[in-house]
Number of protein chains: 2
Amino acid sequence: MGNIFSDRISDVPRSFIREILKLAVDESVISFAGGLPNRDLFPLEEIKKATGKLLEESGKDVLQYSSSEGFAELREWIAERYRSKHCHVHPDNILITSGSQQGMDLLGKTLLNDGDNVIIEEPGYLGAIQAFSIYKSTFHPVPVNEEGIELDPFHEIVSNHYVKIFYCVPNFQNPSGISYSEDNRKSVAHMLKGRPTILVEDDPYGELRFLGKEKSSFYQLLPENTVLLGSFSKTVVPSFRIGWIVANNEIMEKLVIAKQASDLHTNYFGQRIIHQYLKDNDIDGHINKIRQAYGKQRDAMVSAIQEHFPAEISYTHPEGGMFLWVTLPAGMSAMEIFKEAVKQKVAFVPGDPFYVNRKDVNTFRLNYSSVDEETIRIGINRLGNVLKTMIAGR
Amino acid sequence: MGNIFSDRISDVPRSFIREILKLAVDESVISFAGGLPNRDLFPLEEIKKATGKLLEESGKDVLQYSSSEGFAELREWIAERYRSKHCHVHPDNILITSGSQQGMDLLGKTLLNDGDNVIIEEPGYLGAIQAFSIYKSTFHPVPVNEEGIELDPFHEIVSNHYVKIFYCVPNFQNPSGISYSEDNRKSVAHMLKGRPTILVEDDPYGELRFLGKEKSSFYQLLPENTVLLGSFSKTVVPSFRIGWIVANNEIMEKLVIAKQASDLHTNYFGQRIIHQYLKDNDIDGHINKIRQAYGKQRDAMVSAIQEHFPAEISYTHPEGGMFLWVTLPAGMSAMEIFKEAVKQKVAFVPGDPFYVNRKDVNTFRLNYSSVDEETIRIGINRLGNVLKTMIAGR
């Protein structure tokens, strides 16, 4: 047929993670490569009850087409939860999306012209790189560390370019597990104040803090520039694909048009079940259980790393979320380590897909949320042996 | 903030239907304006059973993240159903989408560069106009009539332009209710054979035939050019938003990348429920019930029109689906009729949103699937009175 495809689709990276996971399907491989929540914590019995009750009480109402904005009572619940955390959000400023991934797609659709400047974190969330690539944005990656985004390069870019979007995951970032300090957030807010840049604050993990103190949201520090993305995937269940966007009236009007054009509305049955579940259960109690479990899994991973990894290797110290980030000595390739690790029956995600235009990086991502503590210890031990051998053999 | 928006979003028409429906919220208004399936026919008890069984038997499996392509067994079911209708489709060539609306968005993403030529039907499906507008396509509307698409203008456009996509709804089209004859389909296939144009055959209503003989699918007549869109919204339930795309390997590979970037995957719980429902029930028996009911509702509308509409008014004779299309005498405005009709407590959708670049058209859409026969008779009587008065007063 010749090249029938759009230019944009050739700019989008294939999911490297999917490709790589094919190498690690063997059941005997301990995988830290996933990005899945711990399924043992899914509230199955409560979801069963909510679903049964809903079908009994609301019957065919929950099977019909619904509104593009999303179920009104679910939007009210979300607004109320923000208010309880001192974020003043009106339900009209909430759009229910097909997962927060769709939030990025809708923002790309409504905000980005070809070549528009987008600041992303380095390393950054792969899903955001994919979503914004579709709209042919020009990426400006800015490094992140345990304090947050590096302020000097950030300031230089916002001073010298019209930056349309700054996309960030300030709490327990995927892939690195880092969080922005309170000071770092304030500096970023100060630098963007009065500028036309939209700060997209993606916060799927914010509720999953097991250490340290909660920080201010950019939505509190810089409300006029901030668009919030949220999700029930990490706090309730992922398979329903229920997320949301919070945006001002002007942006919301365009987002609703984009939503209609994209999929009419988010699956309504799932919205109703989530809402029923939230109404009938103690969500804070449930989230506390997840926090405690992930805290223990994270601790198991950190202790095993301390015990088994060579001293040349550094790693992040997440205070929440699902991921931890490892840095090898300069010049080493995480991809090479990966190939050897899979032979030794342990897997992770080499850092490559979390960078724009960088290959054979010396960093990789470890997930602890989907692996139990005992398995974490065994897997990190295996990985430690691989690292020792590879470092010794350099 | 100044204009922060993308050029593309300003090209997308707002949903005129949503706007107009706000004028007809009054409960005493009989509305033929909706596009909803008849909720009385939703298989509520069967969905309850399927959902309960699934949560009991598969538990947390149905709550976790899943694959971008969709649930394998559901894709196999769809492929098998096509095979039973002599369409040879491999499950690998099926992608499960968030409704067939998302199919259009993904095709726009993967195929359309700015300004690419797209042939649409005139009148055409509003959701397709919205979806492709996002990708800044150049629309070439070609009129449709009770035989199908008008072949002369169609041939002229495909001969003189590189047409990227021809989007059509050959069975019981929304908004007009018309279907392409067998000859018309063959002529279109012949004209496109050997050309690089992708024929997007959107077929949400194909199973809902209550009159006449089933026609060949473009997928049978022109397999190398055709991409199929399907949906469970009209045959099972709409609220789950489960549709699909059938495409060749080359296109499928790009569609999966676009799907990942758009929303990772379609709501998995809904996919599993639909599959469980299909496995445990007689879907043909169920679809027959819908066919019979819609056939009666259509007949009620046609007889009422014959009785109450002035002779100057023409209308289509759908053999399936949910809609019927009315043409007023030249020069009359359906929008003006609409305003008067709402005062007389009856509503429909003026034709305007189904055209690109035309206003104050003399056509309108009537939906019969969501109104019972008795109410259809009362509503069409009211509308007939409005039409008589307006025609007499010209």
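Guide: Strand β7 (residues 198-202) of chain B runs parallel to strand β8 (residues 226-231) of chain B, and four bridges join the two; strands here are DSSP runs of E with at least two residues, helices are runs of H or I with at least four, and both are numbered from the N terminus. Within this pair, Leu199(B) stands opposite Thr226(B) in β8(B).

This is a predicted model, in which local features need pLDDT of at least 70 and side-chain atom pairs count only at pLDDT 80 or more, while totals for chains, interfaces and linings use all residues. Residues are numbered from 1 along each chain as its sequence is written, and chains are lettered from A and ligands numbered from 1 in the order in which they are written.

The two strands belong to an open sheet of eight strands in chain B, ordered β2-β9-β8-β7-β6-β3-β4-β5, with mixed pairing (two strands pair if DSSP finds at least two bridges between them). Its edges are β2 and β5 (148-149) of chain B, each of which pairs on one side only. Packed on the sheet is helix α5 (residues 99-111) of chain B, which touches β2, β6 (163-168), β7, β8 and β9 of chain B and whose direction makes about 115 degrees with that of β2(B). Contact means C-beta atoms, placed from the backbone, within 7 Å, and the angle, on a scale from 0 to 180 degrees, is taken between N-to-C directions of axes fitted to C-alpha atoms, for helices over the stretch in contact.

One joins Glu122(B) and Pro123(B), with omega about -5 degrees, and Pro123(B) lies in the loop between β3 (117-122) and α6 of chain B. The other runs from Asn174(B) to Pro175(B), with omega near 20 degrees, and Pro175(B) is in the loop between β6 and α8 (182-192) of chain B. Most peptide bonds, by contrast, are trans.

Two of the sheet strands, β2 (94-98) and β9 (242-246) of chain B, are also among the elements that cover the buried residues of α11(B), as are α3 (44-58), α4 (72-84) and α12 (283-308) of chain B and, from the other chain, α11 (268-280) of chain A. Because 11 of the 13 residues of α11(B) are buried, this helix is largely enclosed by the rest of the structure; a residue is buried if 20 or more other C-beta atoms lie within 10 Å of its own, exposed if 12 or fewer, and partly exposed in between. The buried residues of α11(B) include Tyr268(B), Phe269(B), Arg272(B) and His275(B). The end C-alpha atoms of α11(B) are 18 Å apart, which agrees with the 18 Å that its 13 residues should span at 1.5 Å a residue, the expected span being 1.5 Å times one less than the number of residues.

The contact between the chains takes 59 residues from chain B and 59 residues from chain A. On the side of chain B, the elements that give two or more residues are α1 (7-11), α3, α5, α6 (126-133), α10 (249-263) and α11.

Chain B can be laid on chain A with an RMSD of 0.0 Å by a turn of 180 degrees and a shift of 0.0 Å along the axis, so the two copies are related as by a two-fold rotation axis; the superposition is by least squares on the C-alpha atoms of residues with pLDDT of at least 70 in both.
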